Amino acid sequence: MDIFSFGVHFTDEKSCRLHFKEQRDKEGVVCNRCGSTEHYWLQNKWSYQCKSCTARISLRSGTILESSKLSFMIWYKTIFLLSTTKKGFSSKEIQRQLGLKRYEPVWAMVHKLRKAMGQRDDRYTLEGMIEMDEGYFTIEASKHDHQTQKAGRGSKTKSNVMVMAESTVLEDIDTGKVDRQCRYFKAKVLDDHKAEGTDHTFKQAIDEEQVIVFTDKSTSYLDIADYVELHMTEKSNETTTKETLKWVHIAISNAKRNFAGTYHKIKKKYLQLYLNEFIYKLNRRYFGDKIFDRLVIASITATGH
């Protein structure tokens, strides 16, 4: 959706509310009190009323908009900004674009949307052939951390992230050239380099059926073979990076470039949220203007807001 289409479809607060209701009706409304899914719509109250226990549920209730005092129009403009470009927007830039005085509500809104993106992608698992490796992302650190950091693993200015790509090997019948085509990605921040954390993150990301995994020979991946049909390893070198783990390293490189060009500093505790946004849009790179409605749906179905 471009800015002109957005302006045509969403002219005021009411048009945004009606669109939000339309999407929420498709997903279904569940009564907070009795769990019923049958409701009346009270137009004058902009609320649902349960047919079973008569409890009322506001249009925002149960969604990430529930506790927000920002208007639907502000939320929709933010969803548009986040979904319309491959690169992200910092909360400060979104505040400027929206012309809002206070930064804190914008920051909270943007992070809620990033959390919703992550939850949406967590619903899906990877299958078939999977590339997996870790990338080291720069995070905010104190002057003392910079002075006392270690090189490589254990650096206080870097956070390691497991990146997985569902890839398929393709061979050109005429030339015999082998290439990989990628579908979906996942990226998860790891607390440490221990195999236990790596195993847990990996098991949550894959389909339980037959999976073939390609990695380097890192000691963090020693137990991966226990959970898959086949675990293929290669010594980490330039060829492995460019061929065997091609898509993983393209994703890592693009994410780092995206973050460096958009955000000033990222704290480690928020790094996963920024990764959520990057991976969400990467997985929907062919959706076109449909990504706007998909993000609205994600904001409706997200939990733990």
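Glu13 and Arg17 form a salt bridge in which the closest N and O atoms are 3.8 Å apart, a salt bridge being a side-chain nitrogen of Lys or Arg within 4 Å of a carboxyl oxygen of Asp or Glu. Both residues lie in helix H2, four residues apart, which is about one turn of the helix; helices (H or I, at least four residues) and strands (E, at least two) are DSSP runs, numbered from the N terminus.

The model is predicted, and local features need pLDDT of at least 70, side-chain atom pairs count only at pLDDT 80 or more, while totals for chains, interfaces and linings use all residues. Residues are numbered from 1 along each chain as its sequence is written, and side-chain values use heavy atoms, with hydrogens and water left out.

| Salt bridge | N to O distance |
|---|---|
| Glu13 and Arg17 | 3.8 Å |
| Arg114 and Glu277 | 2.8 Å |
| Glu127 and Arg183 | 3.5 Å |

Glu127 lies in strand S4 (residues 126-138) and Arg183 in strand S6 (residues 178-189), so this pair ties together parts that are 56 residues apart in sequence. Glu127 counts as partly exposed because its relative accessible area is 39%, where buried means under 20% relative accessible area, exposed over 50%, and partly exposed in between (1.4 Å probe, protein chains only).

Arg114, by contrast, is buried at 0% relative accessibility, and Glu277 is buried with a relative accessible area of 2%. Salt bridges that share partners join Arg114, Glu277 and Lys281 into one network.
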